[in-house]
Amino acid sequence: MLPDAAISMVLSTDASSTDAAATANHAALVVVLVVVAWLIVRQLTARRLDPRSTLAWVLLAVGAAETLAYLTGAHVTARDVALLVVSAAVGGALAVVRARTMRLWRADGRVLRQGTPTTAVLWLVSIGQHLLIDTWSGDRALANVTLLAHFGFALLVQNLVLVARARELGLLVGGPDAPRVPRR
C-alpha cells in the first residue's frame with residue numbers, strides 16, 4: 001500500500017497535469033475563435049482579388065506541416081484518414097458554393113471581392129463540419145491539428161473559383177497571375 005503522502009502527491013500531480021491540459025485546450029480554443037473571427041471579417045470586407053492567393057498557400061503549407069508532424073507521433077486509423085479526406089471534399093464543395101455568394105466588381109483599375117452574410121454562414125458550416133471529425137474519430141485532437149490546412153485548402157479552392165468567375169465576367173484578363181482589367 002502507498003502511504004497517504006504518496007497518494008496525495010500522485011493525485012495532485014494528476015490534477016495539475018489535467019489543469020494544465022485544460023488550460024492549454026482553452027488557450028487553443030481562444031486562438032481558433034480569434035482566427036475564425038479574423039477570417040470571417042476578412043471575407044466580409046471589400047478586398048482586392050489576388051489571383052495568387054498567398055494567404056491560402058501559407059495556411060495550407062503551415063497546416064500541412066503541422067498535420068504531418070502530428071501524424072508521425074499519433075496513432076491515426078484508416079477511418080481517421082478517411083474522415084479527413086471527406087472533410088476536405090466537403091470543405092472544397094462548400095468553398096465553391098461560398099465563392100458563388102461573393103460579389104465581384106471593378107473599381108480604380110482593380111478587381112474587388114466581398115463576401116455576404118451567406119458567405120459567413122457557409123464558413124461556419126465548413127468549420128463545423130471539419131470539427132465533427134473529433135466526435136467521429138478516435139483521435140480527439142485531429143480536427144484541431146488539421147484546421148489550418150483546412151482553412152488553407154478552403155481558401156485556395158474559393159479563390160480559384162473567384163478568379164474563374166472574374167475571368168468569365170471579363171474583370172480579369174491575361175495569364176493566371178495577371179490581375180489586369182480590360183482597357184476601354
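Tutor: Helices (H or I, at least four residues) and strands (E, at least two) are DSSP runs, numbered from the N terminus. By that scheme, Asp50 sits in the loop that runs between strand E1 (47-48) and helix H2 (54-73). The model is predicted, so local features need pLDDT of at least 70 and side-chain atom pairs count only at pLDDT 80 or more, while totals for chains, interfaces and linings use all residues. Residues are numbered from 1 along each chain as its sequence is written, and side-chain values use heavy atoms, with hydrogens and water left out.

The side chain of Asp50 has a polar atom 3.0 Å from the backbone nitrogen of Arg52. This is a polar contact (a pair of N or O atoms within 3.5 Å; within protein, one must be able to donate a hydrogen and the other to accept it, and residues adjacent in sequence count only if both atoms are side-chain atoms).

Asp50 also forms a salt bridge with Arg52, where the closest N and O atoms are 4.0 Å apart. The term requires a side-chain nitrogen of Lys or Arg within 4 Å of a carboxyl oxygen of Asp or Glu. The structure holds 1 salt bridge. Side chains of opposite charge can pair when their charged atoms come close.

The two partners can also be described by accessibility. Buried means under 20% relative accessible area, exposed over 50%, and partly exposed in between (1.4 Å probe, protein chains only). Asp50 has 18% relative accessibility and therefore counts as buried. Arg52, at 39%, counts as partly exposed.
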